[in-house]
Amino acid sequence: MVALALDGLGASYGKRTILSDIATGLLRCGTLTAVIGPNAAGKSTLFRRIAGLISGPGTVHLTDARAGADAIRYMPQDTGGNAVLTVYESVLLAAKQGSGWRVSDGELSEIDGILAALKITELSFRGLGELSGGQRQLVAIAQALVRNPDVLLMDEPTSALDLYRQIEVLDFMSRRAAERGMAVLIALHDLNHALRYCDQTIVIADGRMAAGGSTAEVITSDMLRAVYRVEARVETCSQGRRHVIVDRTAA
Ligand SMILES: Nc1ncnc2c1ncn2[C@@H]1O[C@H](COP(=O)(O)OP(=O)(O)OP(=O)(O)O)[C@@H](O)[C@H]1O
Ligand SMILES: [Mg+2]
């Protein structure tokens, strides 16, 4: 199974250093890892750096990647798209990116399976330009999944989705990560989603790693005060799940 670890990662835009010294132990594969932190902390920049879209110091250690498969796939936060294509064409194009144009039955059934799991089959032949924001986000998730990467970086994949879709997508992502042994990093602002779905959490604050480890140990009132500047409680609900309850902004 693939193994991923980040070692001393940094990134700059021009002369401005955005990220420094991001280091993790071996990130567990087959489960979801949350990347959390305030706006402008550097989460998307970290994903771009891991994906190799920007360069910088440090190393992304990726071992046991499958031959012939995409090593790392990045689903950006802003999911624009080529508005001329239909949904089905755009997912097929994502599947075939960088390979030949011959399409196998297996590839078509993989696409069908993903569209069905995300409940967007009925959108298949609609143009991308005619979709709602949430529908576009679901198509972007399908495009990211169809390549079956070893490492999947999803930048706020549920930010435009309604409650039903958020839960459905995160349930699906959890199952898929386990089935395929993928390392999945998800940038999230909903910390209750991190508590519910992600075994591990990395906290980015001001371009540095403020905390990292098991989600239950990382998401605490102290962290929320120091990093998010809110007074908050992390309480266990009647069904035994941990939830963040924010009382007020911190003084
Ligand atoms: N292309 C760019 N050129 C210059 N600066 C950038 C660029 N992209 C982002 N930045 C800056 O880098 C910092 C980190 O941005 P980044 O997008 O990584 O934050 P983020 O943690 O993903 O925030 P958000 O939660 O709002 O998505 C910010 O100060 C931002 O203004
Ligand atoms: Mg971002």
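Predicted model: local features only at pLDDT ≥ 70, side-chain atom pairs only at ≥ 80, totals over all residues.
**View 1. The buried side of helix 8.** Helix 8 spans residues 221-228, and its buried residues are M223, L224 and Y228. Seen down the helix axis, these buried residues fall within an arc of 100 degrees, so they line one face of helix 8. They pack against strand 9 (198-205), strand 10 (208-214), helix 7 (215-218), strand 11 (230-236) and strand 12 (242-249).

View 2. Helix 3 (residues 105-117) has 13 residues. From its first C-alpha to its last it reaches 18 Å, close to the 18 Å expected at 1.5 Å a residue. I111, I114 and L115 are its buried residues. They lie on the same side of helix 3, because they cover an arc of only 100 degrees around the axis. An α-helix has 3.6 residues a turn, so residues three or four places apart point the same way. The face turned away from the buried side of helix 3 carries the exposed residues D105, G106, S109 and A116.

**View 3. The surroundings and end of helix 3.** Helix 2 (87-96) and helix 4 (133-145) are included in what covers the buried residues of helix 3. K119 follows helix 3 and has a positive phi, near 55 degrees.

**View 4. The shell around ligand 1.** Ligand 1 is surrounded by Y13, I18, G37, N39, A40, A41, G42, K43, S44, T45 and Q77. Four residues of this shell are nonpolar, six are polar and one is charged. Helix 1 (residues 43-51) gives the most to the shell, with three residues.

Notes:
Residues numbered from 1 in each chain as written. Chains lettered and ligands numbered in written order. Near = placed C-beta within 6 Å. Helix = DSSP H or I, 4+ residues; strand = E, 2+ residues; numbered from the N terminus. Nonpolar A, V, L, I, M, F, W, Y, C, P; charged D, E, K, R; others polar. Expected span 1.5 Å × (residues − 1). Buried ≥ 20, exposed ≤ 12 C-beta atoms within 10 Å, placed from the backbone. Arc of directions from axis to C-beta. Contact = placed C-beta atoms within 7 Å.
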